[in-house]
Amino acid sequence: MSKWIIEDLEEGLTLSYKLESILSSTRSEFQQVDVCETKPFGRALIIDGLIQSSQLDEYIYHESLVHPAMLAHTTGPKNVFIGGGGEGSTAREVLRHKSVEKCVMVDIDGDVVEFCKKHLPENKEAFADPRLELIIDDCKVQLEKSELKFDVIIMDLDDPLEGGPCYKLYCKEFYEMCKSKLNPGGILVTQASGAGVRQHKQVFAPVHNTLTKVFPLTKGYCQAIYSFADEWGFIIGFDDPKCVEITQEEVDKRIAERINGELEFLDGESYFGLYALSKKVRKTLAEEDRVLSRDAPAIFLSHMSGVHESK
């Protein structure tokens, strides 16, 4: 009899997909972690019952998260900070940039990092790259005490789930601290959860509005991620608004000159497609007035407990 994984996406909506096998599982101090072979998505990393990445389309998420900020930097970033990103895919994409001299990656969950090193071979080279400094700690603590300033800061954190390790890092005070750690002309980008017609008001819109209070220019963008069953949102803040003055031809030129290997998803045309938000979402962003703070964060009130199967 076949087995199916069920994800509760929201009240009244579940996603089910066929489970071929559970390859490995572990329980860290913070979360349940599973690597499973699935019928529609291939090998999938699942944390607390929700897909974090899949063999089918993880490159779409990680190229969308990393390269718009890296390519927008005028001269090519030398020092990059990653908050979260324990599976190693974000670091992998950062380290493809020839300009990068140092990439500091800080993830709070060392068990997840070790688990992903063992079970996600596509990131083996990234973890072995001498330019990568991997630190197991709270990324806020490490960034606050860092004497090094960065050209790009990438926040690849878990969604702000109640009781999770990251919900207090989606707030104005944290983003102000991040900005203080950027070099002139620096760029911050963060994943910002679902940006589809139902979900974009929960995290995407208030994070966007919050970052507008910190950076001279803030832009939201999104991309459909098949395994997430939604469009996924990202918010980028520019210390120098002139960074966005870039043409499609210049994006393609920078990709060719700056990046090792061929990108699977992003090019000059799709780069600008990311920023083509729907009329509905643009209206929501324009009307959003919430400013997230330590005392008033954005929180999802549901928290999964790991893979559960339906026969």
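A residue is called buried when its relative accessible area is under 20%, and exposed when that value is over 50%. The coordinates described here belong to a predicted model.

**The chain as a whole**

The chain contains 10 helices and 13 strands. Its radius of gyration is 18 Å, close to the 19 Å that the globule rule gives for 311 residues, so the chain is as compact as a globular protein of that length. Taken along the principal axes, the box filled by the C-alpha atoms is roughly 60 × 45 × 40 Å. Of the 311 residues, 56% are buried, and among contacts between residues at least 6 apart in sequence, 68% join residues at least 24 apart. The chain exposes about 13,800 Å², of which carbon and sulfur atoms supply 47%. As for charge, the chain carries 36 positive and 52 negative charges, whose mean positions are 3 Å apart.

**Helices with a buried face**

In helix α10, which spans residues 279-287, the buried residues are V281, T284 and L285. Seen down the axis of α10, these buried residues fall within an arc of 100 degrees, so they line one face of the helix. The exposed residues K279, A286 and E287 lie on the other side of α10.

Helix α8, residues 248-258, has V251, R254, I255 and R258 buried. These residues cover an arc of only 100 degrees around the axis, which puts them on the same side of α8, while E249 and A256 are exposed on the other side.

| Helix | Residues | Buried residues |
|---|---|---|
| α8 | 248-258 | V251, R254, I255, R258 |
| α10 | 279-287 | V281, T284, L285 |

The cover over the buried residues of α8 includes α1 (58-72) and α9 (268-274), whereas the cover over those of α10 includes α7 (204-212).

**A mostly covered helix**

Helix α7 is itself mostly covered, with eight of its nine residues buried. The buried residues are F204, A205, P206, V207, H208, N209, T210 and L211.

Notes
Residues are numbered from 1 along each chain as its sequence is written. This is a predicted model: local features need pLDDT of at least 70, side-chain atom pairs count only at pLDDT 80 or more; totals for chains, interfaces and linings use all residues. Side-chain values use heavy atoms; hydrogens and water are left out. Helices (H or I, at least four residues) and strands (E, at least two) are DSSP runs, numbered from the N terminus. The radius of gyration is taken over C-alpha atoms; the globule rule is 2.2 Å times the number of residues to the power 0.38. Buried means under 20% relative accessible area, exposed over 50%, partly exposed in between (1.4 Å probe, protein chains only). Contact means heavy atoms within 4.5 Å. Accessible areas come from the Shrake-Rupley method with a 1.4 Å probe; for residues, only the protein chains shown count as cover. Lys and Arg count as positive and Asp and Glu as negative; His and the chain ends are not counted. The place of a charge is taken as NZ of Lys, CZ of Arg, CG of Asp or CD of Glu. The arc is that of the directions from the helix axis to the C-beta atoms.
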